[in-house]
Amino acid sequence: MEFNLEILKQSYGVFKVDYRQDQGKRYFVYGYQHDEEEWDFDNGDLLMVLDEKEQINELKRNFTIFYNNEWLCKTCFKHKKVERLKVEKIKHWGWTAWEGLPSNLMKKLQNKILVGIPEFSWKNVKRLDDHNSNCFIDFNICTECMSEDEYDSKFSDIIKQLELWELELATEAILEGNEKVLEGYIAHNIEIVETDMKLIDTQVKVKEGVIDILAEDKNGTTCIIELKVRTNDKNLIWQSAYYQSEIEEDVRVITIAPSYEDVISKALLNVKNIEMKIFNRDDKGLLQIENFEPNQTVKLSDKLRLLANEEKDKAI
Ligand SMILES: [Zn+2]
C-alpha cells in the first residue's frame with residue numbers, strides 16, 4: 001500500500017500502530033489529527049493496514065509513532081503532550097505486585113484483574129506476566145498528570161482489592177506447600193505472627209545455616225522464626241536448637257508449620273525458648289497463624305498431606 005507522506009503530515013500529528021497477529025500479522029495504523037482539540041488513544045482514524053515492517057519504519061522516520069501495547073499516560077496523550085510521552089523515565093502511577101508469587105498465580109492474578117476490574121485491560125497488567133519486570137500494574141496515568149493525593153483517593157479501593165487478591169493467591173500457594181511464598185508472606189505481614197512485631201531480615205546467614213526470618217517483638221526481644229511446609233521435618237529440631245546459640249542476646253525461637261507430627265513436637269518441647277505455631281487459612285481465605293497445642297488435630301490441605309506422606313515414604 002502506498003501512502004503520501006506530505007498529505008499525511010498536513011493532517012496528522014502522531015500515529016498509533018497496532019500489530020495484529022490474529023489478522024494476518026498486519027499493522028493497523030491510526031492517525032490523530034492536528035486540529036482535534038484532544039486525542040483519544042483508543043480512537044484514532046484508521047488510515048491504513050500495512051503488511052511490511054519496512055513500511056512502518058518509513059513512517060517512523062517521518063512521524064512520531066506509538067504502539068498499541070505501549071505503556072503511556074492516556075492523559076498526556078489526550079492533551080497532546082507528545083514530548084512528555086517520549087521522556088523515557090516518566091513515572092507512572094501503579095501498583096507493584098509481589099514478585100515472590102509463583103508465575104501460575106501471577107497469571108491468575110492477571111485474570112482476576114481483567115475480569116474483576118472493568119476499566120483495566122491487558123495493557124494495564126501485561127507486566128505481571130513478564131518475568132523480567134518487577135510485576136507492575138499500570139493505571140495509565142503519569143505522576144505529572146496526577147498528584148499523590150488524587151491518586152490515593154481515586155485508586156485506593158482498587159489497590160485494596162489488588163492486595164486482597166494477592167494475599168488470597170499467596171495463601172493458596174502456601175497451602176500447596178510453597179515455603180518461599182510462606183516466607184515472603186510472613187516477611188511482608190510480620191504482624192500476623194504477633195502484634196507489634198517488626199521484621200529485621202530474612203535469610204540471615206549464620207555459621208552453619210540460614211535463619212528464615214529474624215524479627216523483634218514489642219519488648220525488643222530478638223525472634224528467630226523458622227518455617228516449614230511439612231509436618232515432619234526433623235531438621236527443624238536441630239535448627240531451633242542451633243540458631244539460637246548463634247544469637248548472643250535473649251532470644252525467642254518461633255517455629256511455624258502446618259502442624260507437627262508427634263515425634264517432632266515432642267523433640268521440640270525439649271528445645272529451650274521454643275514456641276510452636278501453626279498456619280492455616282481463615283474464613284476470609286487468608287493465612288492465619290495460631291499457637292500449636294500438642295495433641296491438637298489439624299486439618300491439613302490435601303496437598304500438604306501428600307507432601308508429608310512422600311517424606312515418610314522416603315524415610316522408609
Ligand atoms: Zn501524563
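The structure is a predicted model, in which local features need pLDDT of at least 70, side-chain atom pairs count only at pLDDT 80 or more, and totals for chains, interfaces and linings use all residues. Residues are numbered from 1 along each chain as its sequence is written.

The protein chain holds 11 helices and 12 strands; helices (H or I, at least four residues) and strands (E, at least two) are DSSP runs, numbered from the N terminus. Its radius of gyration is 27 Å, whereas a compact globule of 316 residues would come near 20 Å; the radius is taken over C-alpha atoms, and the globule rule is 2.2 Å times the number of residues to the power 0.38. Along the principal axes, the C-alpha atoms fill a box of roughly 85 × 45 × 40 Å. Of the 316 residues, 28% are buried, where buried means that 20 or more other C-beta atoms lie within 10 Å of the residue's own, exposed means 12 or fewer, and partly exposed lies in between, with C-beta atoms placed from the backbone. Contacts require C-beta atoms, placed from the backbone, to lie within 7 Å. Among contacts between residues at least 6 apart in sequence, 54% join residues at least 24 apart.

Turning to the sheets, four strands make up an open sheet of mixed pairing in the order E3-E2-E1-E4; strands count as paired if DSSP finds at least two bridges between them. Strand E3 (45-50) and strand E4 (64-67) stand at the edges with a single partner strand each, so one side of each has no neighbour in the sheet. From one strand to the next, the twist averages 30°, with axes being lines fitted to C-alpha atoms (for helices over the stretch in contact) and angles running from 0 to 180 degrees between N-to-C directions. Strand E2 (residues 26-33) runs antiparallel to E3, joined by five bridges, and Tyr 30 has Leu 46 in E3 as its bridge partner.

A further open sheet, again of mixed pairing, contains six strands in the order E7-E8-E9-E10-E11-E12. Here the edges are strand E7 (198-206) and strand E12 (287-291), each with a single partner strand, so one side of each is left without a neighbour in the sheet. E7 pairs with strand E8 (residues 209-216) in the antiparallel sense over seven bridges, and Asp 201 stands opposite Leu 214 in E8. Strand E9 (residues 222-227) and E10 run parallel, joined by six bridges; Ile 225 has Ile 254 in E10 as its bridge partner. Five of the seven residues of E10 are buried, so this strand is largely enclosed by the rest of the structure.

The loop between strand E10 (251-257) and helix H10 (262-268) contains Tyr 260. Tyr 260 is buried, with 26 other C-beta atoms within 10 Å. Leaving aside neighbours within four places in sequence, its contacts are Thr 231, Ser 265, Leu 268, Met 276 and Phe 292.

Finally, helix H5 (residues 103-116) has 14 residues. Its buried residues are Leu 105, Met 106, Leu 109, Gln 110 and Ile 113. Seen down the axis of H5, they fall within an arc of 150°, so they line one face of the helix; the arc is that of the directions from the helix axis to the C-beta atoms. These buried residues pack against helix H6 (122-125) and helix H7 (148-175), while Asn 104, Asn 111 and Val 115 are exposed on the other side of H5.

Note on methods:
The expected span of a helix is 1.5 Å times one less than its number of residues. Two residues are in contact if their C-beta atoms, placed from the backbone, lie within 7 Å.
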